[in-house]
Amino acid sequence: MTAVPVWAWVATFGVLAVLIAADLVLMSRIGDSLRAAAIESALWLGAALAFGAVVWLWRGPATGSQYLAGYLLERALSVDNIFVFVLLFVSLQVPAALQRRILFLGVVGALVLRGAFIAAGGALIERVSWIFYVFGAIVLLAGARMFRSGEGGSGDSMAVRGLRRVLPVSERYDGSRLLTRTAGRLAATPLLVALVAIAVTDVVFALDSIPAVFGVTRDLFVVFTSNAFAVLGLRALYFLLAGSADRFVYLKPGIALLLVFIGVKMLLYDVVHMPVWVSLVVIAAVGGGAVGASLWRDRRRRHVVAPDREGDAGGAVVPDREGDGVCVGDGAGARDGIAGDGVSADHGMRGTVRT
């Protein structure tokens, strides 16, 4: 593995800290609308690509390509987290005003945990060379499991059970507090339950995604930075896509295909040497193809299901009165619901996700 000077790590952590602080300041000024989420997501994408350009100029095209491939892979895999977050927020009935805070804390916690996982994985590969093939098998099995079940484990129930063994959990929220007192006893609020569930969910997903990035590059600096920018952009991407999660029907098969591809590539590492640009093309083609095919299917479905009467949305996406939000669901939901600055979605359990 290529050694990176200490100053580069310090500078990178400094840049990430500044970007996180700037994100908080910017979001407090432009609000929580769907338009704001789009701006935030675009800015994080721009920051990730700008950092990639710096890596490209500093360490050469090969390392720059590895960073871009790793970032695109993590970005695609992180979308699956979003769909699970939607279900978690609906099932735990997290108030709209608190969702952004919980996601921020969850993302920062995920970044720390992923950093620890990456350091441990890099050390294992460095000292036990055959562990790389174990990682390949893990990635391959994760893809096969996703193909078979169409689902990824969230780990939320395990997190909730574990928390309940340590602390009693109150039935009601107490503002933005994570802990409260009930009958004189310290208790966790449902907000803390949501935070732990999100953190555990990301850990479960990281067990698949981090070995997958090692299949693209063994450079710890590239693995960490590509993960960091993908994870830090996750909060904005959540509010951008939460209301349209059910539209991306081909995304899970696409992610499963990517995991299978990376897993096979890792297992055949000593037999077939695949250039980084091949991985880059496959990741972009499969990820972009899955999103494009999903949107095309959704658009065709909405055209086929014609409105029965004037004003019937027929399951379409309807802009809100302010133009900042969307309402996604059945015709009645689209007619009766005013999304304001958020989104409302039917994900198998009735609930509202609002920014």
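Before the details, two notes on the numbers. Residues are numbered from 1 along each chain as its sequence is written, and side-chain values use heavy atoms, with hydrogens and water left out. As the model is predicted, local features need pLDDT of at least 70 and side-chain atom pairs count only at pLDDT 80 or more, while totals for chains, interfaces and linings use all residues.

Start with Glu40 and Arg235, whose side chains meet in a salt bridge at 3.0 Å, N to O. Glu40 lies in helix α2 (residues 34-59) and Arg235 in helix α9 (residues 234-241), so the pair ties together parts 195 residues apart in sequence. Helices here are DSSP runs of H or I, at least four residues, and strands are runs of E, at least two, numbered from the N terminus. Both Glu40 and Arg235 are buried; buried means under 20% relative accessible area, exposed over 50%, and partly exposed in between, with a 1.4 Å probe and protein chains only. These two also belong to a salt-bridge network with Asp23 and Arg100.

Next, Arg59 and Asp219, with their closest N and O atoms 2.6 Å apart. Arg59 is in helix α2 and Asp219 in the loop between α7 (190-214) and α8 (220-232), 160 residues away. Arg59 and Asp219 are buried too.

Now the core. The largest nonpolar core has 83 residues, and Leu73, Phe229, Tyr238, Leu259 and Ile262 touch the most other members. Helix α3 (residues 61-92) gives the most to this core, 15 residues. Such a core is a set of buried Ala, Val, Leu, Ile, Met, Phe, Trp, Tyr and Cys residues joined through side-chain atoms within 4.5 Å. Leaving aside residues up to four places away in sequence, Leu73 touches Ala212, Val213, Val216, Leu258, Ile262 and Ile283, a contact being heavy atoms within 4.5 Å.

That brings us to helix α10, residues 251-267. Its 17 residues reach 24 Å from first C-alpha to last, close to the 24 Å expected at 1.5 Å a residue; the expected span is 1.5 Å times one less than the number of residues. Among the buried residues of α10 are Leu258, Leu259 and Ile262. Val264, also in α10, is partly exposed, with a relative accessible area of 34%.

For the whole protein chain, there are twelve helices and six strands, and 48% of the 355 residues count as buried.

How values were computed: A salt bridge is a side-chain nitrogen of Lys or Arg within 4 Å of a carboxyl oxygen of Asp or Glu.
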